[in-house]
Amino acid sequence: MSDTKYQENINAAGRGFNPTSWSLILKASSGQSGELAEFCRRYWHPLYAFARRSGRSAEDAQDLSQGFFAYLLERDVLQRADAEKGRFRNFILTLFKRFMQNEWQRGQAQKRGGDKVKVDYEAAEYSLQDMSELGADEAYQRAWALTLLDQTMLELEQRFLERGDEERWQVMKPYLNGDSEASLREGADLLGVSENAFTVAVHRLRRDFSKVLRKLVADTLNDPSEVQEELHFLISLLQK
């Protein structure tokens, strides 16, 4: 493959974004099962972390984090969702706390089995090991930051997979945050391109990562001017 064609393929990774959090929640409120499942997959982890750090068992936290989404539809809460309320992460946490206090603690919430969206609770439990010193609210915020990073990685990966470039993604992914122990020369050799082309491609992938992350963060805010402040806040959570 020529260096030019290689760079064109990498450049294509910067196109397209997922629905915003606010638009997703409104679609879910209309009863579209696909949107509700996606909504749950995006935001169950922070809620699970909050429930666990609030003293709930793993089983109860699973029921809480997934039952919450059905509760929103049952009570028509989503139909009253308003992007003007500001930061989406705070809006969801407020509703979840209300759910735990007014529904679960009164024994009115029913455990849901077969309707659960399949998510990786084992990985969530593992991530809690790094939150042992955090309170419930802090654990929620940190898990929220991790969720946005995961969404960013998944979106970039999907773009590579759609082009049939899974091998290229696997080679380049470790270079996003400097975790790769291999040199740029070694990465270039694996893909059969020049070191210069590979270096440029890594730079573009990092740029695309930043763009996707910024867009995902912006989607959870009402005021676009708050994006940089929100990014700094999320980064600070990951550094704790």
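Okay, let's start with the largest pocket, which has a volume of about 720 Å³. Keep in mind that this is a predicted model.

So what lines that pocket? It has 24 lining residues, and the ones nearest its centre are Arg-41, Thr-147, Asp-150, Gln-151 and Leu-154. Helix 3, helix 6 (121–127) and helix 7 are the elements that each give two or more residues to this lining. Helix 7 has the largest share, with eleven residues. If you sort the lining by class, you get ten charged, eight nonpolar and six polar residues.

Now the second largest pocket. Here we have about 440 Å³ of space and a lining of 14 residues. Nearest the centre are Met-153, Lys-173, Leu-176, Asn-177 and Phe-209. Which helices supply at least two residues each to this one? Helix 7 and helix 10 (195–218). Helix 7 again gives the largest share of the lining, five residues this time.

Since helix 7 keeps coming up, a word on the helix itself. Helix 7 has 27 residues and spans 38 Å from first C-alpha to last, close to the 39 Å expected at 1.5 Å a residue. Just after helix 7 comes Gly-164, with a positive phi of about 75°.

On to the aromatics. There are twelve aromatic pairs in the count. Take Tyr-43 and Trp-144: the ring centres are 4.9 Å apart and the planes sit at 15°, which is under the 30 degrees cut-off, so we call that pair stacked. Where do the two partners sit in the chain? Tyr-43 is in helix 3 (residues 33–53) and Trp-144 is in helix 7 (residues 136–162), 101 residues apart, so this pair links distant parts of the chain.

Are these two buried or exposed? Tyr-43 is buried, at 2% relative accessible area, and Trp-144 is buried too, at 1%.

Compare Phe-160 and Trp-169. Their ring centres are 5.3 Å apart with the planes at 45°, so that pair is tilted. Phe-160 and Trp-169 are both buried. Phe-160 also has Arg-163 lying over its face, at 4.7 Å from the ring centre.

Note on methods: Residues are numbered from 1 along each chain as its sequence is written. This is a predicted model: local features need pLDDT of at least 70, side-chain atom pairs count only at pLDDT 80 or more; totals for chains, interfaces and linings use all residues. Side-chain values use heavy atoms; hydrogens and water are left out. Rings of Phe, Tyr and Trp (its six-membered ring) pair if their centres lie within 6.5 Å; planes under 30 degrees apart count as stacked, over 60 as edge-to-face and the rest as tilted. Helices (H or I, at least four residues) and strands (E, at least two) are DSSP runs, numbered from the N terminus. Buried means under 20% relative accessible area, exposed over 50%, partly exposed in between (1.4 Å probe, protein chains only). A charge sits over a ring if NZ of Lys or CZ of Arg is within 6 Å of the ring centre and within 35 degrees of the ring normal. The expected span of a helix is 1.5 Å times one less than its number of residues. On a 1 Å grid over the protein atoms alone, a cavity is a set of points where a 1.4 Å probe fits but cannot get out, and a pocket is an open set with protein on both sides within 12 Å along at least five of seven lines; lining residues have an atom within 4 Å of a point. Grid points are joined across faces, edges and corners, and a volume is the space filled by probe spheres set on the points. Ala, Val, Leu, Ile, Met, Phe, Trp, Tyr, Cys and Pro count as nonpolar, Asp, Glu, Lys and Arg as charged, and the others, Gly among them, as polar.
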